[in-house]
Every structure is written in structure tokens, then in C-alpha cells.
Amino acid sequence: MTPYATPENARTYGCLLSEDADVAEQWLRRASRDIDTLTFNRIPACGGLTQLTPFQREIVAEVCCRLAVFESENAELLDSAVTSYSINGVSASFGSGWGVTTKNGVVLPVNLYQHLSQTGLCVRTVMV
């Protein structure tokens with residue numbers, strides 16, 4: 001799968017991924033798969049990014065870059081099986097919060113989901 005954004009796109013949007021291009025591409029590929037989940041696989045189903053409008057392509061690329069950074073910075077928490085813990089009367093829980101949401105099993109910042117929703121690809125209706 002070709003990621004929906006490149007390391008060059010990430011630099012354009014001010015997203016600092018790994019200096020190693022292969023590592024950066026792995027994070028972008030993971031973010032692209034999550035975007036497919038959030039958009040119900042509409043991008044591959046319609047023939048790829050080239051079939052989207054320029055507006056949609058720009059938003060998908062930016063969200064891909066920003067999601068890749070979010071996932072790389074929070075990988076340890078996102079990959080953890082622990083959802084909450086308590087020790088000596090202090091507790092913490094992970095999941096949806098003020099700035100984070102879970103959609104279709106993907107944890108991401110609320111503003112990124114709202115930005116991606118502007119494309120119309122996140123709507124739960126059947127598109128013909």
C-alpha cells in the first residue's frame with residue numbers, strides 16, 4: 001500500500017517524523033490504514049487518491065501526516081492492552097477524553113477526525 005502522504009508532505013505540514021525515511025514511511029502507512037478504517041475504505045474502493053477532489057486529497061494528506069505524528073508519539077499508550085490502572089489511591093484511564101476520540105477502533109485527536117470529516121468520506125451512509 002502506498003501511504004496517502006510522503007515524508008516531504010509531513011515536513012510541509014510541520015509534522016516532525018523520524019529522520020529515517022523508512023521509519024517515517026512506516027508511520028505514514030499505518031496512518032493511511034487508519035484513515036481507510038475511518039473512511040470505510042472509500043479511498044481504495046473509488047480507485048485511490050487520484051479519484052478524489054483536490055480539496056479531499058489535501059485534507060487526507062494533512063490528516064495522514066498529523067495522525068502519523070500522533071501515533072508515533074503515543075505508540076506505547078496506543079498499543080497497550082491496559083485501559084486503566086490505580087495505585088495508592090491515584091487512578092488513570094485511557095481512551096476517549098477531551099481532546100481524543102475513538103472512531104471505528106482508531107484513537108485520534110478530535111480535531112483530526114473533524115478535519116477528515118470535511119471530505120464527506122466518514123459518513124456512515126452507502127455512497128453510490
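Contact here means heavy atoms within 4.5 Å. This is a predicted model, in which local features need pLDDT of at least 70 and side-chain atom pairs count only at pLDDT 80 or more, while totals for chains, interfaces and linings use all residues. Residues are numbered from 1 along each chain as its sequence is written, and side-chain values use heavy atoms, with hydrogens and water left out.

Q: Which residues is Val60 in contact with, leaving aside its neighbours within four places in sequence?
A: Val60 is in contact with Tyr4, Ile35, Ile43, Leu49, Leu52, Leu116, Thr119 and Leu121.

Q: What makes a set of residues a nonpolar core, and which residues have the most contacts inside the largest one?
A: A nonpolar core is a set of buried Ala, Val, Leu, Ile, Met, Phe, Trp, Tyr and Cys residues joined through side-chain atoms within 4.5 Å, where buried means under 20% relative accessible area, exposed over 50% and partly exposed in between, with a 1.4 Å probe and protein chains only. The largest such core has 31 residues, and those with the most contacts inside it are Leu17, Ile35 and Val60. Helix H2 (21-38), helix H4 (54-73), strand S4 (106-109) and helix H6 (110-117) each supply at least two of its residues, and H4 gives the most, with 10. Helices (H or I, at least four residues) and strands (E, at least two) are DSSP runs, numbered from the N terminus.

Q: Why is H4 called roughly antiparallel to H6?
A: H4 and H6 pack at an angle of about 165°, with their axes 9 Å apart; the axes are lines fitted to C-alpha atoms, for helices over the stretch in contact, and angles run from 0 to 180 degrees between N-to-C directions. Angles under 35 degrees count as roughly parallel, over 145 as roughly antiparallel, 65 to 115 as roughly perpendicular and the rest as oblique, so H4 is roughly antiparallel to H6.

Q: Which residues of H4 and H6 meet?
A: Ile59, Val60, Glu62, Val63, Arg66 and Leu67 in H4 meet Leu112, His115 and Leu116 in H6.
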